[in-house]
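Subject: A structure to look at, with notes

Dear colleague,

Here is the structure that I promised to hand over to you. Please open it beside this message, and then read on for what was found in it.

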Amino acid sequence: MPVTPTTAQIREQVTSILADMIPGAPVSFVDPDSPLSDELELEAADLANLLVGLRHRLGVHIPDAAIGETTSLNTIVRFLQRKLQA
């Protein structure tokens, strides 16, 4: 039976992908409740790329419509927790 990643592990995966996408970005200082569009100046296409990276890395289906639900680090982590526990 696969082990569900912890919140910290999921957060690490998200920040790792963000760091790969935006070299030199201060991802460790991102306010987890603020929109990533504000914190890192990400656009919708960047968020879509982030979700694609998470799909591949975590092996979870993330529909394109999830972009609207996943605007901050915390909303992404909570969304992934729900998907991984399902």
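Does Leu-50 count as buried or exposed? At 0% relative accessibility, Leu-50 counts as buried, where buried means under 20% relative accessible area, exposed means over 50%, and partly exposed is in between, with a 1.4 Å probe and protein chains only as cover.

Before going further, please keep in mind that this is a predicted model, in which local features need pLDDT of at least 70 and side-chain atom pairs count only at pLDDT 80 or more, while totals for chains, interfaces and linings use all residues. Residues are numbered from 1 along each chain as its sequence is written, and side-chain values use heavy atoms, with hydrogens and water left out.

Leu-50 sits in helix H3, residues 44–58, where helices are DSSP runs of H or I with at least four residues, numbered from the N terminus. Leaving aside residues up to four places away in sequence, Leu-50 touches Val-14, Ile-17, Leu-18, Met-21, Leu-36 and Ile-76, a contact being heavy atoms within 4.5 Å.

Turning to charges, Arg-57 forms a salt bridge with Asp-20, and their closest N and O atoms are 3.5 Å apart; a salt bridge is a side-chain nitrogen of Lys or Arg within 4 Å of a carboxyl oxygen of Asp or Glu. This pair links distant parts of the chain, since Arg-57 is in helix H3 and Asp-20 in helix H1, 37 residues apart. Arg-57 is partly exposed at 38% relative accessibility, whereas Asp-20 is exposed, with a relative accessible area of 54%.

A negative surface patch is formed by Asp-31, Asp-33, Asp-38 and Glu-39, where a charged patch joins like charges within 9 Å, taken from residues with over 30% relative accessible area and no salt bridge. Asp-31 belongs to the loop between helix H1 (7–21) and helix H2 (36–39), and it is partly exposed because its relative accessible area is 34%.

Finally, Glu-41 lies in the loop between H2 and H3 and has a positive phi of about 55°, although it is not a glycine.

Key:
Patches are made of residues with over 30% relative accessible area and no salt bridge: like charges are joined within 9 Å, nonpolar side chains (Val, Leu, Ile, Met, Phe, Trp, Tyr) within 5 Å. Accessible areas come from the Shrake-Rupley method with a 1.4 Å probe; for residues, only the protein chains shown count as cover. Lys and Arg count as positive and Asp and Glu as negative; His and the chain ends are not counted. The place of a charge is taken as NZ of Lys, CZ of Arg, CG of Asp or CD of Glu. Helices (H or I, at least four residues) and strands (E, at least two) are DSSP runs, numbered from the N terminus.
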